[in-house]
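Please take the sequence and the 3D structure together. The walk below goes through charged pairs and then a helix packing.

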Amino acid sequence: IQGFVDHVADEIPEAELMLAGPSVEGVTDDPEGAEVVEEVTAIYRGLPAEIRERVHLAQLPMEDRQENAAIVNALQRHAAIVVQKSIAEGFGLTVAEGMWKGRPLVASAVGGISDQVLDGETGVLVRDATDLREYGQALVRVLSDPDEADRMGENGRQRVLEHFIGVRHLRQWIELVDRIDAA
């Protein structure tokens with residue numbers, strides 16, 4: 001929220017921020033979840049009214065997987081940018097989903113995300129997830145250039161199609177079996 005407030009809100013007056021995550025009641029393996037939601041809610045409530053109108057908090061239901069998937073799908077398809085600001089991450093499902101939907105990414109350059117997002121091609125990698133200025137500048141960069149955002153989104157969709165869809169993996173297994181059989 002603070003990165004948006006300090007580095008995006010004034011630069012892009014029409015920009016809005018949606019923070020969406022699982023309902024804390026629906027996630028049993030996250031003991032800090034409720035505390036984080038309380039902290040974020042307190043920050044939100046402390047925002048000036050004109051900024052608070054542009055920041056949205058959503059806790060997504062987890063009881064019904066199809067309902068959850070439909071909401072995530074709608075949020076990502078409506079988003080101008082999908083953001084994954086992780087401190088550590090394996091393969092980023094949010095990243096792959098956003099790319100598949102043709103959305104440019106602003107994401108942390110950590111773990112598997114660094115393999116998924118091609119900096120400047122499918123989105124912008126933020127080197128330090130805690131650097132709010134770098135995060136804000138990345139958002140402003142993408143939001144300020146719709147043609148570039150569209151190009152990144154299309155490149156991302158193509159990257160998912162070529163590198164992260166199950167059919168690709170099946171094809172690789174078949175090629176491996178063929179090579180072994182020919183040997």
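Is Glu-121 buried, partly exposed or exposed? Its relative accessibility is 39%, so Glu-121 counts as partly exposed. The cut-offs are under 20% relative accessible area for buried and over 50% for exposed, with partly exposed in between (1.4 Å probe, protein chains only).

This is a predicted model, in which local features need pLDDT of at least 70 and side-chain atom pairs count only at pLDDT 80 or more, while totals for chains, interfaces and linings use all residues. Residues are numbered from 1 along each chain as its sequence is written, and side-chain values use heavy atoms, with hydrogens and water left out.

Now the charges. The whole structure holds three salt bridges. The term requires a side-chain nitrogen of Lys or Arg within 4 Å of a carboxyl oxygen of Asp or Glu.

Start with Glu-121. Its side chain meets that of Arg-151 in a salt bridge, 3.2 Å from N to O. This pair links distant parts of the chain, 30 residues apart. Glu-121 sits in the loop between helix H6 (113-116) and strand S5 (123-126), and Arg-151 lies in helix H8. Helices (H or I, at least four residues) and strands (E, at least two) are DSSP runs, numbered from the N terminus. Arg-151 is partly exposed, at 30% relative accessibility.

Arg-151 has another partner. Glu-148 forms a salt bridge with Arg-151, at 2.7 Å from N to O. The two are three residues apart in helix H8, so about one helical turn separates them. Glu-148 is partly exposed, with a relative accessible area of 22%.

Asp-119 pairs with Arg-127. Their closest N and O atoms are 3.1 Å apart in this salt bridge. Asp-119 is partly exposed at 37% relative accessible area, whereas Arg-127 is exposed at 53%.

Next, the helices. Two packed helices are described by the angle between their axes and the distance between the axes. Helix H7 (residues 132-143) packs against helix H8 (residues 146-163) at about 100°, with the axes 6 Å apart. Axes are lines fitted to C-alpha atoms, for helices over the stretch in contact, and angles run from 0 to 180 degrees between N-to-C directions. H7 is therefore roughly perpendicular to H8, a label for 65 to 115 degrees.

Which residues make the contact (heavy atoms within 4.5 Å)? H7 supplies Arg-141, Val-142 and Leu-143, and H8 supplies Pro-146, Glu-148, Ala-149 and Met-152.

How values were computed
Angles under 35 degrees count as roughly parallel, over 145 as roughly antiparallel, 65 to 115 as roughly perpendicular and the rest as oblique. Contact means heavy atoms within 4.5 Å.
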